[in-house]
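Subject: Structure handover, with notes on cavities and helix packing

Dear colleague,

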Amino acid sequence: MKRLVIINIIALFLLSSCMTLQRDKYVSPDEIVDDGFSLEMQSRLAVVDAAAFSGEDAKLTASVRTYIISEIEKRLAVLELEKQVAARLYALAGRTYLLSSNKEKAQKYYEEANKRNAGDSEAIVLAHRLGIQNRFENALAAHEDDGILVLESALDAYASGQYADAAARFDTAFLLLESFYRAAYSLLRDKAWNLKDTVSSDVALSKLLTLDSLTVLQMLEITQHATQLFDVYTGGKKYKGMRLFAMARDAELLKSISGMQNNAVLPDSVATRILCARFLWNMRIVATGDTLGAAKYSTRYRTRTSVASPVPDVSIESEDFDAVLGVVENELMSLKDGRNFNPQGSVSGAEFNKSIRRIK
C-alpha cells in the first residue's frame with residue numbers, strides 16, 4: 001500500500017510537471033485571461049510602439065508609457081497572479097521600459113517574465129528586442145499563426161526596408177489580432193505598401209522616400225534622383241543644395257502658371273500638396289511642351305459666370321487652380337476624399353516619387 005501511494009505521488013508530480021512544461025512552452029496573446037487588464041495594456045502599448053517605429057518624438061507618448069508601467073507594477077505588487085498572467089505583465093512592462101530607453105529595467109523584467117513562463121509571446125518579442133538570439137526566429141517558425149510574433153516580423157521587415165514583405169505580414173497579423181492593433185499600426189502598414197515598389201539601390205533616394213513630409217529642396221532632390229527631367233537644365237549633371245534649388249527657381253519651376261503672385265518659395269519651405277501640384281504641373285508642361293494648354297482650366301472656368309470650382313477647397317481664383325486641375329485630370333495626384341484636394345496637406349516621399357515618375 002505504501003509503495004502504491006508513493007507511486008501515485010510520483011505520478012501526480014510527473015503529471016503536474018508535464019502540465020507546467022506545457023504551459024511554459026508557448027502562450028499566445030488570446031490565452032491570457034485576467035479580466036481584460038493585460039489586453040488593455042497591450043492596446044496602450046501598441047499605440048506607443050507604433051509611434052516609436054513611425055519616428056514620433058518620444059516625449060509625446062511619455063505619459064502613456066508612465067501609465068502602463070505604473071498600472072502594471074501596481075497589479076504585480078498587490079495581486080497573487082497566475083504565472084502566465086504575471087509573465088505577460090512583466091513582459092509588457094519590460095517592453096515599455098525598453099521604449100523608454102531603460103534597457104536595464106527591461107532586461108530585469110524580461111528575466112522575471114521568462115522565469116514564470118518562457119513561452120509567453122510578449123516575452124519572446126521582448127527578448128528579440130533585447131538582442132537575445134534565436135528565440136524569436138524559432139518561436140515564429142513553430143507558431144506562424146501567432147499574431148504578436150507575425151506583427152514583430154512585419155516590423156522587422158519594415159525596419160530593414162523589405163516593404164513588400166512588411167505590408168504582407170502586417171495584413172496577416174491584423175487578421176490574427178484584436179482590432180486595436182490594426183488601428184495602431186495601419187499607418188506603418190500603409191507606408192510599407194506605398195514604399196514597396198519604390199525601393200532603390202540609390203541610398204540617398206531611399207532615405208528620401210521614407211519621409212512623411214517634404215521640404216521644397218527634398219522634393220527637387222527626389223526629382224533629380226528618380227528621373228531625368230532636370231537634364232534639360234543641367235545637361236545631365238547632378239546638382240546639390242542651393243545650386244539645385246537655384247536652378248529650379250530660375251527655370252520658374254516653382255512659380256504658378258498664372259503668375260498672379262511673386263511665389264516666394266524657399267528651399268526649406270514645406271512642400272504642401274498645392275505646391276507639389278504647382279511643381280508637377282510645370283514639369284509636365286516642360287516634358288510635353290504643351291505651353292498653350294498650361295492655363296486652359298482657368299481660361300475655361302473664368303470666362304463663365306456663376307460657375308463654382310469643381311474642387312471645393314481650391315477656388316477658381318487660386319493662382320494654382322490650373323495646376324490642381326491639371327495634376328488631378330492627368331492622374332499625377334488625386335483628390336483626398338474624391339472631392340477635396342486638401343491643398344495645405346503634406347506629401348510623403350513615396351507619394352511624390354510616384355507622382356513625378358508618371359511624367360514622361
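There are 2 cavities of 30 Å³ or more, a cavity being a set of points, on a 1 Å grid over the protein atoms alone, where a 1.4 Å probe fits but cannot get out, with lining residues having an atom within 4 Å of a point. Please keep in mind that this is a predicted model, in which local features need pLDDT of at least 70 and side-chain atom pairs count only at pLDDT 80 or more, while totals for chains, interfaces and linings use all residues. Residues are numbered from 1 along each chain as its sequence is written, and side-chain values use heavy atoms, with hydrogens and water left out.

The largest cavity has a volume of about 80 Å³, a volume being the space filled by probe spheres set on the points, which are joined across faces, edges and corners. It is lined by 14 residues, of which R95, E122, I148, Y181 and Y185 are the closest to its centre. At least two lining residues come from each of α2 (37-53), α4 (83-99), α6 (121-129), α8 (147-159) and α10 (179-195), and α8 gives the most, with 4 residues. (Helices are DSSP runs of H or I, at least four residues, numbered from the N terminus.) By class, this lining has 9 nonpolar, 1 polar and 4 charged residues, where Asp, Glu, Lys and Arg count as charged, Ala, Val, Leu, Ile, Met, Phe, Trp, Tyr, Cys and Pro as nonpolar, and the others, Gly among them, as polar.

The second largest cavity, with a volume of about 30 Å³, has a lining of 2 nonpolar, 5 polar and 3 charged residues.

Turning to the helices, the axes of α3 (residues 62-78) and α4 come within 9 Å and cross at roughly 150 degrees, axes being lines fitted to C-alpha atoms over the stretch in contact, with angles from 0 to 180 degrees between N-to-C directions. The two helices are therefore roughly antiparallel, a term used for angles over 145 degrees, just as those under 35 count as roughly parallel. In their contact (heavy atoms within 4.5 Å), residues of α3 including I68, I72 and L76 meet residues of α4 including L89, L92 and A93.

The axes of α2 and α4 come within 11 Å and cross at roughly 20 degrees, and these helices are therefore roughly parallel.

Best wishes

Note on methods:
On a 1 Å grid over the protein atoms alone, a cavity is a set of points where a 1.4 Å probe fits but cannot get out, and a pocket is an open set with protein on both sides within 12 Å along at least five of seven lines; lining residues have an atom within 4 Å of a point. Angles under 35 degrees count as roughly parallel, over 145 as roughly antiparallel, 65 to 115 as roughly perpendicular and the rest as oblique.
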